[in-house]
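Keep the viewer open as you read.

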Amino acid sequence: MNNIETDERGILVTCPKCGRRNRMKYEGLGKVFRCGQCQTELRPLGEPVEVHSDLVFDALISRSTLPVLVDFWAPWCGPCKMVAPEIRKVATETAGQVLVAKVNTEELPSLARRFRVTAIPTMAIFRNGIEVARQAGAMPAPAIRKFLAQDLVAS
């Protein structure tokens with residue numbers, strides 16, 4: 001995750017061919033992106049993105065064309081540590097269909113308060129800036145996929 005960053009305009013990724021930084025705008029997620037320098041096709045994100053500010057979180061959930069699965073977690077939380085590799089599996093499997101984001105509630109307690117996250121890990125699905133589903137507690141990848149599928153079928 002060290003070569004992927006988020007900002008209020010999109011997700012910054014490094015081209016695997018030429019090394020140039022490119023911005024995948026939230027409004028274009030789900031479409032094909034190409035490197036601005038060498039025109040290499042940039043693969044859809046297959047890993048969770050870390051969110052480090054309220055401003056970036058708001059931009060991501062409100063402007064993403066893809067549903068956003070948010071994992072609210074904390075570094076001291078044992079179940080959160082168990083869920084992390086499961087979340088990564090789901091991000092890989094749903095690349096180009098769902099954007100997976102991680103919010104550290106210790107780093108961003110304002111988001112935890114705003115969304116009334118009282119237990120961690122908590123997963124929430126956002127569409128067009130609105131929370132459409134929520135599930136608290138640690139889950140293996142198949143249960144996370146089932147949770148996601150319920151929303152994808154309902155939409």
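The accessible surface of the protein comes to about 7900 Å², and carbon and sulfur atoms hold 53% of that area (Shrake-Rupley method, 1.4 Å probe; for residues, only the protein chains shown count as cover). Bear in mind that this is a predicted model, where local features need pLDDT of at least 70, side-chain atom pairs count only at pLDDT 80 or more, and totals for chains, interfaces and linings use all residues. Residues are numbered from 1 along each chain as its sequence is written, and side-chain values use heavy atoms, leaving out hydrogens and water.

Of the 155 residues, 45% count as buried, meaning under 20% relative accessible area with a 1.4 Å probe, protein chains only.

Now look for the rings. The structure holds 5 aromatic pairs (Phe, Tyr and Trp rings, the six-membered one for Trp, with centres within 6.5 Å; planes under 30 degrees apart are stacked, over 60 edge-to-face, the rest tilted). Phenylalanine 57 and phenylalanine 115 have ring centres 5.5 Å apart and planes at 65 degrees, so they pair edge-to-face. This pair links distant parts of the chain, with phenylalanine 57 in helix H1 and phenylalanine 115 in the loop between helix H3 and strand S9, 58 residues apart. For phenylalanine 115 and phenylalanine 126, the centres lie 5.2 Å apart and the planes at 80 degrees, so this pair is edge-to-face. Phenylalanine 126 counts as buried because its relative accessibility is 0%. Ring pairs join Phe57, Phe72, Phe115 and Phe126 into a cluster.

Key. Buried < 20%, exposed > 50% of the residue type's maximum accessible area, 1.4 Å probe, protein only. Helix = DSSP H or I, 4+ residues; strand = E, 2+ residues; numbered from the N terminus.
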